[in-house]
Amino acid sequence: MADYAKPIESNFLSVLRKTTLNAQALKGRLCPHLIEGNCLEQERIIQTEDLSKFYGPHMALENLNLDIKKGATGLLGPNGAGKSTFLKTILGLIQATSGEGTVLGHDIRTEGAAIRARIGYMPEYDALNPDMDAINQVRYSGELLGMNPIVALQRAHASLQYVGLGEQRYREIKSFSTGMKQATKLACAIIHDPELIIADEPSNGLDSTAREFMIDTLINTVKQGDRSVLMASHLMDDVERVCDDIVLLHKGKLAAQGRIEDLKAIDREIEIHVWGGASKLEAAMIQRGMRVRREGRVMRIAHESEELTSEILLCASQVGAQIRRMHEYEASLEDLFLVIMENLGYDVKSSEDLFNHPIHARKVDAPGHMGGGAS
Amino acid sequence: MSEDEENLPQSQPQPMAIAPQPLPLTQAQPQPMAIAPQPLPLTQAQPQPMAIAPQPLPLTQAQPQPMAIAPQPLPLTQAQPQPMAIAPQPLPLTQPQPQPMAIAPQPLPLTQAQPQPMAIAPQPLPLTQPQVQHVATEDIQMATAETPVTGQARMDTAWGSSEGDENISEMASIGQTDSGEIFKQNYEPWRGELNPRWMRNWAILRHHILGIFKKGHRPWGVPTRIFLVLVFFASLSDAALTLLSSLIGDAEFHSFWGVNRDNLYGHVLGFFPRNVMYYPIVAALLVGGVISEDRLHGTSALYFSRPINRFDYVGMKYASVAFIQAIIIIFTLFLYYLTEIMAFGRGWAWIVDTFPIFLGALLGGVLLIITYTSIGLALSSVSKGKFFPGIGLLAIILGTKTLAIIVKNLFDREILYLLSPYDCLAHVGQTLVNTQPTYDQYSWTWSLASLIVMNAIALYVLSSRVSSMEVTRE
């Protein structure tokens, strides 16, 4: 197991490093004048540097260094990770204890109002007056941004149409379902066509149909509308569908940041289903230097070389085992989240600590003695 | 003809997985196909199973034919219908061919009366070969205005429930098309500019004030609106009686209702009925949910995620509630004064004499509005409902007054009046209007100081509570 875990650790950490380094490289490539503060901000919508927030002795955010690019980014973390504090900080609603940051080029310490005028915030919980009809609620939210009432009304119609409430816009909100309320909140958030939409648990409490529509709407907003979305959610599937990047917070610290694909590549494996001679095949593959995890007839081999499939088949032919199924296995974002949270979480001090922290096992369906989390 | 074939009934039903259709076959059995059937080189007694994209099968007589997706080959006989799933193609069947049953061994446990499940989306069964070509999916067109109206339901037309002799034109309604889309999601950008701070503040003020008069703004309750209208007209009672006294010319009647020092004071600060039945209840109804309902419904997030700071938020709420009260108290005072001038043709000398008194009453009204609003909003800010702030405000105004009266009557001490907002206002108002004071045991400055303290405490509570309101869930 130790032999198995060691390379995985290095692989895991190398990808994390690479992801962050890519961000650094991107920063340098796109923003050569970053240090002087003259950077073009089109590609980087949120940036923080050593951002900390303390509530008395309680640390909510600690030395947060983030670099969020344009597009869709998922903000993940368990309860108490600091997501809400982070959102309030970048909205300019609370003052950071130390550190600095910018949102769309505006300083979060001094330009909170300017930030809030350029972003659309979709709160997690109810934020609508149940006795108002949807059209006037959305119109009023536009007026609160400084929109002319007539323009706000026009945009309210367009926004509600966009979120699928065109036919229900004159209904009172108290008659709405949860999905319709969520859609109304999204309409309030996008009425002024913000450059950045902060969606806090947008699919929380929705049934499958409403959830699909909400996710599709967010995807459409990003792809067709060319807008950025910062999406805080506990639903990994939703984040994975909408977002290209994630930021993972834990106890106020950055646990991971980068492209989902890069992070998921940590766990790329080939999964085979073997018939007859599984033990021999396993031994043969290990002998050829492959890293194999086995659960009965199912084996997963770390995908480290392009010739892996040929080598597996060669081993199978040598030992006389039948491979009845072979496919690439890719960890889901939830797998990744669990790996980081459960195996690293409580001891993570920072991303640097994350890099140096040993990984003992991965949460897969392999037995414990083989490096998995199953008993 | 083989023996097996001879045993076949003349007409066999052929159930399908979806919408089974009994096929009134005559000679022999139908031959359902799974997907994309192709010409079948049928030989004698040779069933031809079709998989996905089947190919001509060079079958020999006794060969078993494995099936991929449940195709059920049946020996074709004369004029056999060909049930088609997707993209059927013409079968190169020539003249009625005798189709003897397959010779054993047959891997397919088909019996003569065996149901024939369709693999994928069975479609109406074209009976003849020329019809089959028209049914191809690519050729199906949407119904047009020229499409004959047959009265058949759509599903009936699509899947058929008749004997299979449908008119081919009825197939038009099941064509694949990208039209008919009810909702198309298009993100519409907006390139307008947002107005500055004053416009946002005006939006809050407008939202609350216009809500009294019309739908689409802050939804004040119907009882609140009705009560406000009643109080407004009730507050104009002295103006109406002044006008009446001018019409009837009764000097004694006018001295009772017309503008004078006591009546100007009484219009704003008179205890009964105005400060018992009118103004405290108006204030209670107005302040009740102004802030507390933002907490209750979470609409504070709507404000604070916008470029609106706490001062603007509470300031505009305060101003809107005060403005509505001012319409009832100050505006009616002004109308009362104006009625006296207009009805009796008062000249400048009278105006110069009475205007300071009017200003004193107006200032007293402003103090009343400020005090009631401050206390009411402070109560609203600590609550999540509109009931508690309203009742709390009434309890403070009327309860302290009642307590002070009791103490005065029992102990002949007026000091507790300093705890009563109304009595402090009345004491200061009597000084401003310079009418006969009713509080003899202490100076009016104590009442003014008490009012200042009350307002300071209320505003402190209000500001601290509003500053702690969250954009996220509280």
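Tutor: Gladly; we will take the terms one by one and set each against its definition.

Student: What makes the coordinates something to read with care?

Tutor: This is a predicted model. Chain A has an average pLDDT of 81, and 79% of its residues score at least 70. Residues 1-42 of chain A, however, stay under 50, and pLDDT is also under 50 over residues 345-375 of chain A. Where pLDDT is low, the predicted coordinates should not be read in detail. That caution goes for the 50 contacts beyond four places in sequence that the model has for residues 1-42 of chain A, and for the 71 such contacts of residues 345-375.

Student: Why is B:H427 called buried?

Tutor: The cut-off is 20 or more other C-beta atoms within 10 Å. B:H427 has 27, so it counts as buried. Its place is in helix α15 (residues 421-433) of chain B.

Student: Which residues is B:H427 in contact with, leaving aside its neighbours within four places in sequence?

Tutor: They are B:P437, B:Y439, B:W444 and B:S447. Take B:S447: 20 residues separate it from B:H427 in sequence, while their C-alpha atoms are 6.5 Å apart in space. The contact itself is judged on C-beta atoms, which must lie within 7 Å.

Student: How many residues count as buried in each chain, as a percentage?

Tutor: By that cut-off, 49% of the 375 residues in chain A are buried, and 40% of the 474 residues of chain B.

Student: What secondary structure does each chain have?

Tutor: Chain A has 13 helices and 14 strands. Chain B has 16 helices and zero strands.

Student: How do you know that β1 and β2 of chain A pair?

Tutor: Pairing needs at least two bridges between the strands. Strand β1 (residues 44-55) and strand β2 (residues 58-69) of chain A have eight, so they count as paired, and the sense is antiparallel. The two form a hairpin with two residues between them, and A:G56 in the turn has a positive phi of about 65 degrees. β1(A) is also joined by five antiparallel bridges to strand β4 (residues 98-103) of chain A. You can follow this at A:I46, which stands opposite A:I68 in β2(A) and opposite A:V103 in β4(A).

Student: Finally, how many residues of the two chains are in contact with each other?

Tutor: The contacts involve 40 residues of chain A and 30 residues of chain B. Among the elements of chain A that each supply at least two residues are α2 (83-90) and α7 (208-223). The side of chain A that touches chain B divides into 19 nonpolar, 13 polar and eight charged residues.

Notes: Residues numbered from 1 in each chain as written. Chains lettered and ligands numbered in written order. Predicted model: local features only at pLDDT ≥ 70, side-chain atom pairs only at ≥ 80, totals over all residues. Helix = DSSP H or I, 4+ residues; strand = E, 2+ residues; numbered from the N terminus. Nonpolar A, V, L, I, M, F, W, Y, C, P; charged D, E, K, R; others polar. pLDDT = per-residue confidence, 0-100. Buried ≥ 20, exposed ≤ 12 C-beta atoms within 10 Å, placed from the backbone.
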